[in-house]
Amino acid sequence: MLAGVVKASPSSPFRKPEALRLLVSDTSPYARKCRVLVREFGLSDTVEEVDAHPFKDGDVLLAANPLGRVPALIMDDGRALTESLLIGTYLAAQAGQPWTEDWDEWRLQTLGSGLIDLAVGRRVEMVRDEALYSEYWITRRERGIARALDQLEDEAGGLGEPLGFAGLTIAIALDYLDFRYPEAGWRKGRENLVTLHAFWSERDSFAVTSPPADG
Ligand SMILES: N[C@@H](CCC(=O)N[C@@H](CS)C(=O)NCC(=O)O)C(=O)O
């Protein structure tokens, strides 16, 4: 069971949805956070996943999210939530398991999400035209990734709930490094992160949402 079962749910500003559409791309680690949560919360019958690769700028995605990013969660009244953290929080509430006010869990979730930001930022820089490629930005991202990994290694052992949103976000960040930046060699000397990643890797929700090998 995912974190956040202790406190009573505050009343939701949204009525209980009957059908939700989650716009995703199969390589997006942000979308993956939400896709895993849908499965962990048993919401697969309520949430339909719709492929909406952001760089295709499809009408459905742009209508849901003017920022042109996935994930976006379209509710049955047409409004859409954006940002993986907000969508995850909403899904938790819908599942009757709202996140608790565990600020340390939130802090580590945010650091894990920032690690994803840097890894995605590095990837974006790597695939730019050669003329636009910036060694400065790539190495800056790489230094940030290394620092974040070191801090997460120091703190991951103390994660109260490896199945919580922080643990999930960190595990997805690590898996994304395997996918897009294996040279980072994040496992070396980072046993706590290895354990966390292995823990999530054994879960179906994580396995079936892993990015395609040719993605
Ligand atoms: N902070 C956002 C980040 C979402 C994001 O940047 N998604 C990427 C896919 S990995 C995207 O859609 N990029 C397209 C773009 O930035 O134009 C979240 O947590 O949902």
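Helices (H or I, at least four residues) and strands (E, at least two) are DSSP runs, numbered from the N terminus. A pocket, on a 1 Å grid over the protein atoms alone, is an open set of points where a 1.4 Å probe fits, with protein on both sides within 12 Å along at least five of seven lines; its lining residues have an atom within 4 Å of a point.

This is a predicted model, in which local features need pLDDT of at least 70 and side-chain atom pairs count only at pLDDT 80 or more, while totals for chains, interfaces and linings use all residues. Residues are numbered from 1 along each chain as its sequence is written, and side-chain values use heavy atoms, with hydrogens and water left out.

**The largest pocket**

Helix 4 contributes 9 residues to the lining of the largest pocket, the most of any element. At least two lining residues each come from helix 1 (29-40), helix 3 (84-94), helix 4 (103-126) and helix 6 (165-180). The lining comprises 31 residues, and Ser 28, Tyr 30, Phe 55, Val 70 and Val 120 lie nearest the pocket centre. The volume is about 870 Å³, taken as the space filled by probe spheres set on the grid points, which are joined across faces, edges and corners.

**The ligand**

The ligand takes up the space of the largest pocket; a molecule sits in a pocket if more than half of its atoms lie within 2 Å of the grid points. Around the ligand (a heavy atom within 4 Å) are Ser 28, Pro 29, Tyr 30, Pro 54, Phe 55, Gly 68, Arg 69, Val 70, Pro 71, Glu 83 and Ser 84. This shell has 6 nonpolar, 3 polar and 2 charged residues, whereas the pocket lining has 12 nonpolar, 13 polar and 6 charged. In these classes, Ala, Val, Leu, Ile, Met, Phe, Trp, Tyr, Cys and Pro are nonpolar, Asp, Glu, Lys and Arg are charged, and the others, Gly among them, are polar.

| Protein atom | Ligand atom | Distance |
|---|---|---|
| Val 70, backbone N or O | nitrogen | 2.8 Å |
| Glu 83, polar side-chain atom | nitrogen | 2.8 Å |
| Ser 84, polar side-chain atom | oxygen | 2.6 Å |

On its own the ligand has 520 Å² of accessible area (Shrake-Rupley method, 1.4 Å probe), and the protein covers 77% of that area.

**Backbone details**

Val 70 is joined to Pro 71 by a cis peptide bond, with omega about 5°. Pro 71 lies in the loop between helix 2 (59-64) and strand 3 (72-74). In the loop between strand 2 (47-51) and helix 2, Asp 57 has a phi near 50°, a positive value in a residue other than glycine.

How values were computed
Polar contact = N/O pair within 3.5 Å; in protein donor to acceptor, adjacent residues only side chain to side chain.
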